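Student: Hi! I'm new to this one, could you walk me through it?
Tutor: Happy to, let's open it up.

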Amino acid sequence: MIVKQEPTVKEIKNTYDVYKIREDFPILKIKIRNKPLCYLDNAATTQKPQQVLDTLNKYYTSMNSNIHRGVHYLSGVATDAYEEARIKVKNFINAKSGKEIIFTRGTTESINLVANSFGRSNVKEGDEIIISNMEHHSNIVPWQFLCNEKKAKLKIIPIDDNGEIIFDEFLNLISDKTKLISVVYVSNSLGTVNPVKEIIEAAHKNNIPVLLDAAQSVNHLPVNVQKLDCEFLAFSGHKLYGPTGIGVLYAKEEILKTMPPFMGGGDMISKVTFEETTFNELPFKFEAGTSNIAGAIGLGSAIDYVTSKGIDKIANHEADLLEYATVRLKEVPGLKIIGNARQKSAVISFIFDNIHPHDIGTFLDYEGVAIRTGHHCTQPLMQRYNIAATSRASFGLYNTIEEVDILVDSVKRVIEVFNA
Ligand code: C6P
């Protein structure tokens, strides 16, 4: 009998043709100041493949109509395409049902939805919400609003110098007052991949629900909400090669059923009188007003695209880029990497003692290299490291080893200019 061998990691990597993938992205062909675009700001937003652009074009040229409302042909076609996109999201993150997928404007709105709906109806004076020191402002400010309103307390999981959550201290923060734990899956500033499975297990031992900010994970790692067993998960379409203005809140159906609507308006209702309103079924109860229909359909197309390339292969490719970039950037005299967690994904932040990140970003821009500089909407994290900002290169599925070389060589030239 012939036993079929599972392909090794190396074999999987060899099937990934990044140069062919790049041909799908028209913007990667443009020049910036006569230099080829070297786009390394994927944590801020990703570029869009032709397949997604074609889907958006097709929507507006052959389907455009409002959904869930019309009896006419186009409305039916648009509704079907929108609901099909919901099922693509459901399958992508392995949710149990399309009822658990709520389209929002993005991660920020998804977290605000949970804070306003679940939070306002479950958190009372003296209760506690746990977040970590490496959260994006989107996973800080909504909880501050809630805690201020309810006189509840925000508790912060500390991190070590490498950028890892200090797990014992996290466990010590859990109490019978904890109403929710909301943590980032992959840090946008450090690249740390947090031990979310362990966090969720610890939370569930104490009957505490968990929200995962997956803005920087769905595009880099396979995410399976049933395996993770998280109660909530939030992400944005534009970081997953889809359009801006569309995102997702996943939540377990049994929790969504108990949550009041976040916004009132059309489509989320069942019956309205001046005396009383009853609400639509899930997930429509949480989608008030005309949704970003084209955005949702475009996101579905982006999910098709990413799935066709294989999220495991993408993760392998990006791990190679990160490893190579880490080795090469360490060659640069005076460069210090911020974020040295054992598990990292696709992001590398660095600083120099004597050069401001904005100067580095501006210089690199002249070389056609797009990175992000600043606090990356993680000011408390910057305070933890006692720095104002970092330079951050972040990788996507189309980046190449040659682009890492361009980055490193350009950074070396900045040093020469500044130290001359
Ligand atoms: N981070 C970055 O350059 P929105 O804006 O809603 O699509 O995503 C907000 C958000 C939430 N959580 C994390 C971990 C994020 O990285 C982001 C967006 C971008 O790092 C823009 S600040």
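Student: Which residues come nearest to the ligand?
Tutor: T108, D213, Q216, S236 and R372 come nearest, out of 17 residues around the ligand (near means that a heavy atom of the residue lies within 4 Å). This is a predicted model, where local features need pLDDT of at least 70, side-chain atom pairs count only at pLDDT 80 or more, and totals for chains, interfaces and linings use all residues. Residues are numbered from 1 along each chain as its sequence is written, and side-chain values use heavy atoms, with hydrogens and water left out.

Student: How do those residues divide into nonpolar, polar and charged?
Tutor: The shell has five nonpolar, eight polar and four charged residues (Asp, Glu, Lys and Arg count as charged; Ala, Val, Leu, Ile, Met, Phe, Trp, Tyr, Cys and Pro as nonpolar; the others, Gly among them, as polar).

Student: And what lies 2.8 Å from an oxygen atom of the ligand?
Tutor: That is a polar side-chain atom of R392. On the nitrogen side, a polar side-chain atom of K239 lies 3.0 Å from a nitrogen atom of the ligand.

Student: New topic: how is the chain divided?
Tutor: Into domain 1 (9–45 + 310–414) and domain 2 (53–307), with bounds from an automatic or database domain assignment. Their centres, taken over C-alpha atoms, are 27 Å apart.

Student: So where does the ligand lie?
Tutor: Both domain 1 and domain 2 give residues to the shell around the ligand, so the ligand lies between them.

Conventions
Polar contact = N/O pair within 3.5 Å; in protein donor to acceptor, adjacent residues only side chain to side chain.
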